[in-house]
Amino acid sequence: MALLPILEFPDPRLRTRAREVLASDFTPEFQTLIDDMFETMYAAPGIGLAASQVDRHLRFMVIDVSEERNRPLVFVNPRILAHEGTQVCEEGCLSVPGITAEVRRHEKITVAALDRNGAPFEIDADGLLAVCIQHEMDHLEGRLFVDYLSPLKQEMVRRRLSKQRRVRAA
Ligand code: K1U
Ligand code: ZN
């Protein structure tokens with residue numbers, strides 16, 4: 001397995017809309033990519049990782065919101081079938097390191113997706129899992145949680161990250 005480099009805001013590749021995963025994409029290389037993404041997510045550490053963040057522009061993501069870090073979930077070609085209510089949650093993003101912000105999301109969602117072997121499933125999610133699924137699905141559209149902030153706050157994030165990078169490089 002391998003740790004994959006994670007793209008960081010404002011890298012324009014994060015703005016790519018990911019394409020559907022086709023039946024012909026379920027190859028041994030795809031399974032290795034999923035395993036590598038889990039390893040990268042657990043090491044970061046994070047609770048989710050979209051393929052877009054590791055510069056693979058395919059519609060899938062890996063998630064584990066369990067305390068014990070032992071409930072890995074793979075969502076391929078995810079679609080929200082139904083949603084209910086709203087919740088505001090403090091979000092972070094491995095592509096926007098060191099920054100958190102409150103984002104409004106659906107409170108409960110029903111999602112249809114394929115698993116890592118291409119088998120269809122549906123899941124009802126609420127709480128952190130629902131937030132994380134919506135955050136990762138945004139990545140697949142080329143959207144980041146900072147897009148929901150005011151232009152002034154987005155400029156502050158840009159400056160803070162560029163300062164962080166200067167300090168890291170020194
Ligand atoms: O997509 C990503 O960049 C991963 C991101 C997912 C996420 C976090 C919080 C709300 C919505 C979506 C992260 O995992 S940031 C790191 C984080 O939140 C965390 C890390 C370790 C333990 C618990 C949380
Ligand atoms: Zn993110």
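Two elements, β3 (73–91) and α2, each supply at least two residues of the lining of the largest pocket. Helices (H or I, at least four residues) and strands (E, at least two) are DSSP runs here, numbered from the N terminus. A pocket, on a 1 Å grid over the protein atoms alone, is an open set of points where a 1.4 Å probe fits, with protein on both sides within 12 Å along at least five of seven lines, and lining residues have an atom within 4 Å of a point. This is a predicted model, in which local features need pLDDT of at least 70 and side-chain atom pairs count only at pLDDT 80 or more, while totals for chains, interfaces and linings use all residues. Residues are numbered from 1 along each chain as its sequence is written, chains are lettered from A and ligands numbered from 1 in the order in which they are written, and side-chain values use heavy atoms, with hydrogens and water left out.

Back to that largest pocket: α2 gives the most to its lining, with six residues. About 250 Å³ of space lies inside the largest pocket, and of the 16 residues that line it, the closest to its centre are I47, G92, C93, H135 and E136. Sorted by class, the lining has seven nonpolar, six polar and three charged residues. (Ala, Val, Leu, Ile, Met, Phe, Trp, Tyr, Cys and Pro count as nonpolar, Asp, Glu, Lys and Arg as charged, and the others, Gly among them, as polar.)

Ligand 1 is surrounded by 13 residues, and the closest are I47, G48, Q53, L94 and E136. Helix α2 (residues 127–140) gives the largest share of this shell, four residues, and the shell as a whole holds five nonpolar, six polar and two charged residues. H139 uses its side chain instead, with a polar atom 3.4 Å from an oxygen atom of ligand 1. The protein covers 77% of the 530 Å² of accessible area that ligand 1 has on its own (Shrake-Rupley method, 1.4 Å probe).

Next comes the second largest pocket, with a volume of about 170 Å³. Its lining includes R59, R104, R105, D138 and Y148, and β3, β4 (101–114) and α2 each give two or more residues to it. By class, this lining has four nonpolar, two polar and six charged residues.

Most residues other than glycine have a negative phi, and most peptide bonds are trans. The bond from F9 to P10, though, is cis, with omega near 5°, and P10 sits in the segment before α1 (28–43). Another cis bond runs from A44 to P45, with omega near -5°, and P45 lies in the loop between α1 and β1 (48–50). R69, in the loop between β2 (60–63) and β3, has a positive phi, near 55°.

Terms used. Near = heavy atom within 4 Å. Polar contact = N/O pair within 3.5 Å; in protein donor to acceptor, adjacent residues only side chain to side chain. Points joined across faces, edges and corners; volume = space filled by probe spheres on them.
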